[in-house]
Amino acid sequence: MSLIVNSIDIKELSPYPSFNLAQQQLHDLAPIDYFLAKELVLSTNFTVKSKTSGDVNVINKDELTLLFHLIIAVSHSIRIGNSCLPLVQVANSRIGFYADDNGIISHHGYAFPSLEEIKLLLTSLSTNPKENKLIILSENALYLPRYYKFEQELNNFIASTKNNEVSSSRYPVNEIQQCLSELFIYDTKENVDADIDWQKVAVANALNKRFSIIAGGPGTGKTYTVTKLLAAIVSLNMQQPLNISLVAPTGKAAQRLTESLINAINGFEGIISTHILEKIPRQAQTLHRLLGVLPNKVNFRHNQNNQLNIDVLVVDEVSMVDLPMMVRLIRALPSHCQLILLGDADQLPSVAVGNVLADLAPRPHKGYSKANKDYLTQVTQSKAFKSYKNNAYDHVTFLTKSRRFDKEGIVGRLAEFVIKGDASNSWQLLERSESSLLLSLDINQWLPKMVTKYYQGLAKCQDISQAFEMLAQFRILCATRVGTEGVANINQQIEQILYTKGNHQANKPFYHGKPIMITQNDYGLGLFNGDVGLIWTDEKGLLVAIFEQPDGHYLRVLPARLPSYESVYAMTIHKTQGSEFQQLVMILPQNKESKILSRELLYTGITRAKKTLQIASAKTTWFQGVDTQVQRYSGIQLKMETNENSKY
Ligand SMILES: Nc1ncnc2c1ncn2[C@@H]1O[C@H](COP(=O)(O)OP(=O)(O)OP(=O)(O)O)[C@@H](O)[C@H]1O
């Protein structure tokens, strides 16, 4: 006999009547995952049935329990940065199990059934995107509807930019060819022998597309190349002035982009005609500013209903841009606007959901469609481009030759070993280097000396610009915020050292020469998470917080009005993305259980060093970091390849 009960019974039949009971079963269960599962399951109109009932919209207790745990798992997956949960990650596995070192089990967890059983349940619950219920099943991955929609929007955008782009180029091919030959003149030996000048390819590849990515490690010439690309775009549009914007995800990154751009433009004087160069903007802004922040809202002033008035947009440091932000950006772009993304896909992914750059520009490059290959061969006169079966990766060009890190230089070599996952060679390089790259694990051996050398002078600088310059010379990077080797403790120790060395203000919340970092957005003041400033005594003898703006101006804020902030003698590696320092010290946690270490984290830290780098790490920690790779799940790559529009 079938036992059909009404939906109120779901509450009683849900696997855990309370969070406490759930916590006893599932180790490390986050309240947010539990309450989301509870809310979603209770909000459905399932009725509960016995196994034999054939009714629609009914579910039995085991199925309800499975569904509940699937929602917990997908919620957890999103919290750690994935946009979905591939079912193979949970099928036949147990979540929330914990036994101590003696084998005593404290949490039994939950064992998921096979992939087939999970799919059977999800299919019967109509989880396909069109019927859009509490969770969505697509390509064997489970989504919450919000992130599914974000992915869909991005995929649709990419697909729409590929429609007929190669056959109906934005500019006549002969004009592109002419333009490239004027921009890339090989009067030095450098590129003559090379098979392919990838900077030239990057310009060519972007010129005939609405959407393109120029990806490469630090110093590979992304800004240099994009400046040439903008020069080409300007010269191909001489009759109609274009609105060109340049943005980066943080104030610091926008400031660096502005500086690199000005350097590149100055370097091209005499090579590219002045009337072209003067039409290239010299000023980058933050993404938030471009889109127009609405106080206390996640959405922006510019969106699909109020699009930006721009023709060309360059976005730098795209590895830092998360999936929702990228989608909000593309919504705000008018359909003719050319979008060019720059970034290093080997760096840490965004703090929030998604790994957009790595998804859109997977390495190694898979190759170009026949049509794009023919086009690139024709306009660049280079051959030997790798072929791919469709145009899924036509939008990407990788730059590989670093102009900043000499191939023989330690920083460049170390970064290369680390990102390739070569723990032993990278460790050997650290151990054997003549310039003592490894610091003692006892930070008292070296920290006081470094503080004296690099930080004590901050308060004695003659003016604020000199102080900012000094601050950019040196930084201590930590992997974590908490713990003995975490940012909070190291900053505290540094302030203590400054105090004992005679800076008697250094134990107060604000003192002259104290560097601070904002940790919360304040749209009203125009201060954003990650902005770095200095506390400084102004002309009237008052302490003010001063922040360098991307346009070179200083923003002054009374300390009492500051949003939350912290000292920034040391900062996390995550927060240094988009910044660089002449000298760096990186301190890694000695706690073996630290889950934060990865090769992307180490690579991001290492490549922030312009000149020198020293590292305090145990061998085991280093190996653990280099051996761990960040894995973010999403459906973007898969859909890019299978998209109907991308078949050639
Ligand atoms: N083809 C080239 N010829 C000469 N100099 C170059 C070339 N490409 C790049 N450079 C120089 O190399 C340096 C690094 O270039 P650029 O700043 O464009 O790199 P990037 O990839 O944008 O670096 P980052 O990722 O750190 O922002 C600059 O000084 C630039 O002028």
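Modeller: A word on classes first. Ala, Val, Leu, Ile, Met, Phe, Trp, Tyr, Cys and Pro count as nonpolar. Asp, Glu, Lys and Arg count as charged. The others, Gly among them, count as polar. Keep in mind that this is a predicted model.

Now the second largest pocket. Its lining splits into 19 nonpolar, 15 polar and five charged residues. That lining has 39 residues in total. Nearest the pocket centre are His76, Arg79, Ile80, Asn82 and Lys595. The space in this pocket comes to about 1200 Å³. Which helix gives the most to the lining? Helix H4 does, with five residues. H4 spans 61-79. Strand E4, residues 94-99, also supplies at least two lining residues.

Look at the contacts with ligand oxygen atoms. Lysine 222 places a polar side-chain atom 2.7 Å from a ligand oxygen. Threonine 223 also has a polar side-chain atom 2.7 Å from an oxygen of the ligand. For tyrosine 224, a polar backbone atom is involved, 2.8 Å from a ligand oxygen. On its own, the ligand has 630 Å² of accessible area, and the protein covers 72% of that.

Key
Residues are numbered from 1 along each chain as its sequence is written. This is a predicted model: local features need pLDDT of at least 70, side-chain atom pairs count only at pLDDT 80 or more; totals for chains, interfaces and linings use all residues. Side-chain values use heavy atoms; hydrogens and water are left out. A polar contact is a pair of N or O atoms within 3.5 Å; within protein, one must be able to donate a hydrogen and the other to accept it, and residues adjacent in sequence count only if both atoms are side-chain atoms. Accessible areas come from the Shrake-Rupley method with a 1.4 Å probe; for residues, only the protein chains shown count as cover. On a 1 Å grid over the protein atoms alone, a cavity is a set of points where a 1.4 Å probe fits but cannot get out, and a pocket is an open set with protein on both sides within 12 Å along at least five of seven lines; lining residues have an atom within 4 Å of a point. Grid points are joined across faces, edges and corners, and a volume is the space filled by probe spheres set on the points. Helices (H or I, at least four residues) and strands (E, at least two) are DSSP runs, numbered from the N terminus.
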